[in-house]
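Subject: Structure for you to look at

Hello,

Here is the structure I promised to pass on. Please open it next to this message, and my notes on what turned up follow below.

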Amino acid sequence: MRSGSLQRIRFPTVLTSNDNSGARLRIRIVPLDPSLHDRKSFQCGNDAVDRYLRTTAAQATRYYRAATFILVTVDNPSEVLGYYTLAPHEYRDGELDLATARTLKVHGLQRIPVLLLGQLGIARTYQGRGLGKLLLWSALERAFSTAANSGAVAVITDPAEDSAAAFYARYGFATLHEAPFHRMLLPMKTIAAAYSRG
Ligand SMILES: CC(C)(COP(=O)(O)OP(=O)(O)OC[C@H]1O[C@@H](n2cnc3c(N)ncnc32)[C@H](O)[C@@H]1OP(=O)(O)O)[C@@H](O)C(=O)NCCC(=O)NCCS
């Protein structure tokens, strides 16, 4: 288990792009509004992540199955620069390995609430400017708030590919299992500690 660092994450609302123009991006992260956000043009380089936004996110939002949050600029609020999705998930007693259950202090519990960071992507043309980090921090901040209100002992995510796993590992996510699919986990206690350090 590699312990990454959440300390490196901060949450600015004005970003300076790393291109030569020095242009500033004034950004916001807002709930998905299917009538406003241009979901069709979004391309992050991962087909499944693109497809979810195009075909599933609006319905999942409408029926409260999952919540989707969109990264936009103040100047162009319909262009999707990135997005993430959070959804509730539950483990039953015995489904988590003993070491993880002990770390999370849920050993012996019948039902173990967690939050699934189901999707996260940044539009290709905006990658490499710190926006992925920003989006992840927003997701974790929101997860922490949800946990404080209704309980969730960890955030889990299923990285679509190895490079995504490397991204999550930078921020402390550790592999829970690799088969039948790769799942990573970050304890809520870790998020809470990073969040309270501010
Ligand atoms: C993974 C992804 C969200 C990263 O977004 P990004 O905006 O390019 O990332 P950032 O610019 O915020 O990078 C933040 C840090 O992570 C690092 N990083 C970015 N992508 C990384 C990767 N694939 N592996 C390891 N580290 C990565 C950056 O070097 C940077 O490090 P620094 O803070 O030391 O400078 C983006 O590449 C993406 O959307 N990929 C396709 C979809 C995907 O794989 N989603 C993941 C889960 S399904």
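**Strands and sheet**

Strand 4 and strand 5 pair in the antiparallel sense over eleven bridges. Pairing here asks for at least two DSSP bridges between the strands, while helices (H or I, at least four residues) and strands (E, at least two) are DSSP runs numbered from the N terminus. Within this pair, Pro-88 has Leu-115 of strand 5 as its bridge partner. Strand 4 (residues 82-92) also pairs with strand 3 (residues 67-73), again in the antiparallel sense, over five bridges. There, Phe-69 is bridged to Tyr-84 of strand 4.

Before going further, two notes on the source. This is a predicted model, where local features need pLDDT of at least 70, side-chain atom pairs count only at pLDDT 80 or more, and totals for chains, interfaces and linings use all residues. Residues are numbered from 1 along each chain as its sequence is written.

**The chain as a whole**

The chain has six helices and eight strands, in the order β-β-α-α-β-β-α-β-α-β-α-β-β-α from the N terminus. It holds 198 residues, 32% of them buried. Buried stands for 20 or more other C-beta atoms within 10 Å of a residue's own, exposed for 12 or fewer, and partly exposed for anything in between, with C-beta atoms placed from the backbone. Among contacts with a separation of 6 or more, 65% join residues 24 or more positions apart; a contact is a pair of C-beta atoms, placed from the backbone, within 7 Å.

Helix 4 has 20 residues and spans 28 Å from first C-alpha to last, close to the 28 Å expected at 1.5 Å a residue (the expected span is 1.5 Å times one less than the number of residues). Its buried residues include Gly-132, Trp-137, Leu-140 and Ala-147. After the helix comes Gly-151, with a positive phi near 95°.

The largest nonpolar core has 48 residues, and Ala-139, Ala-143 and Val-155 have the most contacts inside it. Helix 4 gives the most to this core, with eight residues. By core I mean a set of buried Ala, Val, Leu, Ile, Met, Phe, Trp, Tyr and Cys residues joined through C-beta atoms within 7 Å. Beyond its neighbours within four places in sequence, Ala-143 is in contact with Leu-86, Leu-115, Ala-152, Val-155 and Ile-191.

Leu-117 lies in strand 5 and counts as buried because 24 other C-beta atoms lie within 10 Å. Leaving out residues up to four places away in sequence, Leu-117 touches Tyr-84, Leu-86, Ala-139, Val-155 and Thr-157. Leu-117 and Tyr-84 are 33 residues apart in sequence, yet 7.2 Å apart in space, C-alpha to C-alpha.

**Around the ligand**

Which residues come nearest to the ligand? Of the 23 around it, they are Gln-127, Gly-132, Ser-163, Ala-164 and Ala-166. Strand 5 (111-122), helix 4 (131-150) and helix 5 (162-170) are the elements that each give two or more residues to this shell, and helix 5 gives the most, with five.

By class, the shell has ten nonpolar, eight polar and five charged residues. Here Ala, Val, Leu, Ile, Met, Phe, Trp, Tyr, Cys and Pro count as nonpolar, Asp, Glu, Lys and Arg as charged, and the others, Gly among them, as polar.

Best wishes

Conventions. Two residues are in contact if their C-beta atoms, placed from the backbone, lie within 7 Å. A residue is near a molecule or strand if its C-beta atom, placed from the backbone, lies within 6 Å of it.
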